[in-house]
Each structure stands twice: as C-alpha cells, then as structure tokens.
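Hi everyone, thanks for coming. Today I'd like to walk you through one protein model, step by step.

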Amino acid sequence: MKNTVLFFITIVLLSSFSHQQKKRIVFFGDSITQAGVQPNGYITKLGLLLNEKRIGEKYELIGAGIGGNKVYDLYLRIEDDVLSKKPDAVVIWVGVNDVWHKRTSGTGTDADKFEKFYNAIIKKLKDNKIAVFICTPAAIGEKMDFTNELDGDLNKYSVIIRNIAKNNNCPLIDLRQAFLNYNLANNKENKESGILTTDRVHLNEKGNQLVADEMYKILSQSVIK
C-alpha cells in the first residue's frame, strides 16, 4: 500500500514538473506580429500546427508585436516585453517599417543603424541564454515584374539580415525568399496584393499560414521537438 501511494505521489510531482517546464517562445516584431495572435494570425496557426502534431501542450507561444515598430523600438522595449517573460527562444521579425517608413514618413532606419541595433538585440538575448531565430521581411508589394517600389531596399535589408544571422550563428527564417517563391508560382496576374497580403504588407490567411509553416520548419530543427 505504501509503495502504491509513493508511486502516485511521484506521478503527480512529475506531471507538475512537466507542466512548469513548458517551453516559452516569444515572437518579437511589428504590426504583423501584433496581428499574429488573432484567430487567423501566424502565431495562432503555428499553435494549431503544434496541436495537430500532438506537441502543443509543451510550448507557450507569446506575441510581442507593436504596430509601427522598427528595429530600435524593439531594442528599447526588449527588457519589458521579452526578457521579463524569461523565454527559451525568441523569433525576431522586423524590417518592413525600417524600409517602408523611409518612403511614407521619412522615419525609416539607415542600413548601418539597422544592423547595429539588430546585433545589440541579439547580444542581449544571447547574454540571457535565449535561443534566437531571425526573419527576413516578407513583402512591400507582391508584383513579380520587379516594379514594387521598395523591392530594392527590401532586398538590401534582407541581405543584411541574412548576414546578421550568419555572423551571430542564428537560424534564419527566410520569409522574403519564401514569399517570392510563392508569388512566382501563384501570382500569374502580377497583382500588387491579395496573394499573401491584404495591402501589400499585412498578411491574409494564406500569408499567415505560409509564415507559420516556414517558422515551424526552422523551429522544429532545434527548439520544437
């Protein structure tokens, strides 16, 4: 009888410990990430994908996106919005506003400052033993004939991010390339939006699903098992 009681106590304690050890992943970004926690958002869809694979209970997915944010905004709020949550991993997705706002309001981020702040964010995270995953910006326009106004700058900043990933040994989620590949195959009418985005930048349901799938492919190589 005594052994039976001890057995059940052990099971309860192990179950409690397992629950407490749920891995926490923070998604750090701008309005696209802010919308990622909505019913059709990419963070929600990633959670559903984990549930389908029967591993959803092992992870806590947290959105930390704020509309209009650029890389230095992320740097300024990293303590309150990321480090305070004590995550195991962080997915950084920023860059669209750093490019886009140059044209719309003159408040974008120059390339050298963009790289400096991005590296500083990664250093803060790694100093806290947090796994870091970084994403290229997906789109500012979906035309496939190279007439999106900001394609050049967006590609330039995507190259910067790819180099940052390489130099910091961070896994890269190359959403820029994934969106280009998808549009090449599916945007036969050369539409400006409506394939993966609602307005050239923010995601429709297919865009959110593509992002969730791309993130899962990279996260499942290390942090998600």
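**Helices, sheet and core**

Let's start with two helices, α6 and α7, whose crossing is right-handed. Two packed helices are described by the angle between their axes and the distance between the axes. For α6 and α7, the angle is about 35 degrees and the axes are 11 Å apart. Which residues meet here? On the α6 side they include Phe114, Tyr118 and Ile122, and on the α7 side they include Tyr157, Ile160 and Ile164.

Before going further, please remember that this is a predicted model. The average pLDDT is 92, and 91% of the residues score at least 70. Residues 4-14 are another story: their pLDDT stays under 50, and the model gives them zero contacts beyond four places in sequence. Where pLDDT is low, the predicted coordinates should not be read in detail.

Now for the sheet. It is open and has five strands, in the order β2-β1-β3-β4-β5, with parallel pairing. How many bridges join β4 to β5? There are two, and in this part of the sheet Cys135 stands opposite Ile173 of β5.

Helices lie across this sheet. Our friend α6 lies across β1, β3 and β4, and runs at about 155 degrees to β4. Helix α3, residues 42-52, lies across β1, β2 and β3, at about 170 degrees to β2.

Next, the inside. The largest nonpolar core has 66 residues, and the members touching the most others are Ile92, Trp93, Tyr118, Leu125 and Met215. Which helix gives the largest share of this core? That is α9, residues 205-219, with seven residues. Have a look at Ile92 on the screen: leaving out residues up to four places away in sequence, Ile92 touches, among others, Phe28, Tyr118, Leu125, Ile134 and Cys135.

One last stop is α5, residues 96-104. Are Val96, Asn97, Asp98, Val99, Trp100 and His101 in this helix buried or exposed? They are buried. Just after α5, Gly106 takes a positive phi of about 70 degrees.

That's my tour, and I'm happy to take questions.

Key. Residues numbered from 1 in each chain as written. Predicted model: local features only at pLDDT ≥ 70, side-chain atom pairs only at ≥ 80, totals over all residues. Heavy atoms only, no water. Core = buried A, V, L, I, M, F, W, Y, C linked by side-chain atoms within 4.5 Å. Buried < 20%, exposed > 50% of the residue type's maximum accessible area, 1.4 Å probe, protein only. Helix = DSSP H or I, 4+ residues; strand = E, 2+ residues; numbered from the N terminus. Contact = heavy atoms within 4.5 Å. pLDDT = per-residue confidence, 0-100. Pairing = 2+ DSSP bridges. Axes fitted to C-alpha atoms, helices over the stretch in contact; angles between N-to-C directions. Left-handed = near helix turned anticlockwise from the far one by under 90°.
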